[in-house]
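Student: I would like to go through the backbone and the packing of a model. Please show the sequence and structure.

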Amino acid sequence: MSMTHTSFYEETHTVFGHHKNKFLQWIFSIDHKRIAIMYAIVMFSFFAIAVVVALLMRLELFSPGQQIMGPDTYNKAFTLHGIIMIFVFIVPGIPATLGNFLLPLQLGARDVSFPRLNLLSFWIYCLGILVLLYSLFGGGGSADTGWTFYAPYSTNSASNVVSALTAAYLLGLASILTGLNFIATIHRLRAPGMGFFKMPLFVWGLYTTAWIQLLATPVVGITLIMVILERVVGIGIFDPAKGGDPVLLENMFWMYSHPAVYLMILPAFGIASEIVPTFCRKPVFGYHAIAVSSGMIAFLGYLVWGHHMFTSGQSDTISLIFSVLSFIVAVPTSVKFFDWIATMYKASIDFKTPMLWTIGTFITFIIGGLTGLILGAVGVDIYFHDTYFVVAHFHYAILGGVVFLMFAGIHYWFPKMCGRMYSEKHASRAFYIIFVGFNVLWFPMFIAGALGMPRRYFDYLPEFTIYHRIATVGSWIFVAGLLYMFYTLYRGWRYGPIAGPNPWNATTLEWQIPSPPQADNFGTIPYVDFMPYEYIEGEPVHHMDLSVKEDVHHG
Amino acid sequence: MADTAYEPEIIFDKQGNPHEVVDWKHDYEGSKLGFWAFLLTEMMIFGTMFFVYSFYLYQNNADFVHASEEMNRLLGGINTFILLVSALTMGLSLVKLRNGHVQTCKKLIWTTIILAVIFLGIKYTEWSIEIGHGFYPGSPTLDTLGNGTKLFFGLYFTMTGLHGIHIIVGIGVMLWLLSLINSGKITSTNFVVLENTALYWDFVHIVWVLVFPLFYLIY
């Protein structure tokens, strides 16, 4: 493919003026690809911080009693871990990084609908992080309420809750703007001929996610503002002394935050739907079912928030209704899994690293998802509520589901972003180490939780020692694997062989342009009258070179 | 409605039929769609507030009705009227611009700004009166009254305050609009920013039309 094109690393469009300085060229760039990479850099820096905090918590739990941190420090540590991992890392996570980079490429567009708004949302995101840093080091000490900010403790705690809430609000605002941008982009900038049911499934994941970002995030935004007002002027809405109801906060918080879990997983499912057909060399089984099930999960996600509050004293009828609705979410999710498995059936699967990550996720996410059903059952949840069982379920679903698929996506699109390939040998070994470490780390927590180990305690009874010991050892394996993986990717970025435009023989539009792409993505916009995953006899049906402006069409 | 110099990119399918490639720089529909999506988020924000209001109204009906008598219906009524007129002037400014009457359009936007400022002035007076009577969150007067009354005033200051912030933002946006018109970036053929601002202003006045009866007229 043409080497005459300069990639987006060399030239870019900025929001104003022409800058000589490389750094200014980046932070003022309105190119969705550069914004995606800036997001990724900031996001993974904070991911590393939150991992270190988690490692220290596990170290504290290696033995009963107090070792390296006392109860108050431990409360602050898990709050910090939660706020960073949820609001800074995983909520913006896939949409802001891989989504930003790939959405216009997969649609055949030259950018998102509002590139300047895209840059603004990145700045708001950074501002939110600065406020969060202030909440850590400002007087009063960092917040110790847990990332859920439950009243009445959040309205009374002497720590820096207001700045932590403000940070969460700003990060939420950035996420809303990203969602808004994606909805407009998907509705307006699809290449001619590409109907909704010709879009790649990753785009479907981003589309349904964008609707959750748009409609659910404002609810938590105004809720956080009301907690701030409660603390600053005492409006009384969450204060029982003034007739307010703290459980109302829980309701409003989960009205957003439960859809938010699906907001995290839907684009991740989209990544799986890209990787499975590519490495099976087959059209995906049940394209429409996968697309529509994303919409069903997003819709049902709004109706299940009450399953977080089975022990809050809400009426039994409501609990049963929420329980049934929660079970129903498993149906569209299973549709996706059966479709992926059906795609793999009788395929000659190419077990490259992205596919390894995806299949690994199928195992861990099924454990995470099915234990979710256990927790969704009212009677059992009364027993398991606020135990390590919940912690293990959540990490199996979010880390073993969303983050693993994000890693799958990073390995899949790495050659497209960098133009170079990582070492397959080292990348797959890193996967196995992380996979083993992950299960050693979290599986014992299911057992500890079932035996009654409560979450958020810095200390525990001696009979839980063995589970905590195994988990802590697992955390070391896990972190060693992470370091190995990132080092392998770094080596690939600096010294890897040139990857070429389409190293995986994939079919979607982003693989029909050079790696890394040029500033305006496409020379020629194609007319899309074909499905996204068309293979015949294991070979892609369409080969196109869309990098140059041409009047003649290629096959 | 992009500027006239813009030539859309055309591509052809296999049958040779032409198709226009939508360019984000010249996408009137996209700008409208994005703004409607933004209004949806605003709707969810105020919707949540109305949800909280109805939850507490249901629990403390008698206290809410009683507290509503403290509201100044004359000032609130005048404000409602002012905001409705300002929505009219805002809408007319768009009509005038589309018909090419730029000067009239600017006068109408200035009128809207002045009406919005008057609205805020009256709102300030009302708040002062209520705070003067000792009705504000955490006040000694409220502490002697029932829980419903405390919640009523907590919600009143929160919701009218949130609405007031939207008015202030609206004034800022209108001043920005005027500078865009002066520098020729908004014209009779390229008016989507003004159109979206008019939508925003309509939304803000509709919120007030709902807030007004909930606090002033339920006694």
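Student: Where is the place of A:Pro152?

Tutor: This is a predicted model, in which local features need pLDDT of at least 70, side-chain atom pairs count only at pLDDT 80 or more, and totals for chains, interfaces and linings use all residues. Residues are numbered from 1 along each chain as its sequence is written, with chains lettered from A and ligands numbered from 1 in the order written. A cis peptide bond with omega of about 0° joins A:Ala151 and A:Pro152. Helices (H or I, at least four residues) and strands (E, at least two) are DSSP runs numbered from the N terminus, and A:Pro152 sits in the loop between helix H5 (115–137) and helix H6 (153–156) of chain A.

Student: Is A:Glu537 buried or exposed?

Tutor: A:Glu537 lies in the loop between E1 and strand E2 (539–540) of chain A, and its phi is near 55°. A residue is buried if 20 or more other C-beta atoms, placed from the backbone, lie within 10 Å of its own, exposed if 12 or fewer, and partly exposed in between. A:Glu537 has 6 other C-beta atoms within 10 Å, so the class is exposed.

Student: Which helix gives the most to the side of chain A that touches chain B?

Tutor: Contact requires C-beta atoms, placed from the backbone, within 7 Å; 35 residues of chain A are in contact with 33 residues of chain B. Helix H7 (161–188), helix H8 (201–232) and H9 of chain A each supply at least two residues of that side of chain A. With nine residues, the helix that gives the most is H8(A).

Technical notes. Two residues are in contact if their C-beta atoms, placed from the backbone, lie within 7 Å.
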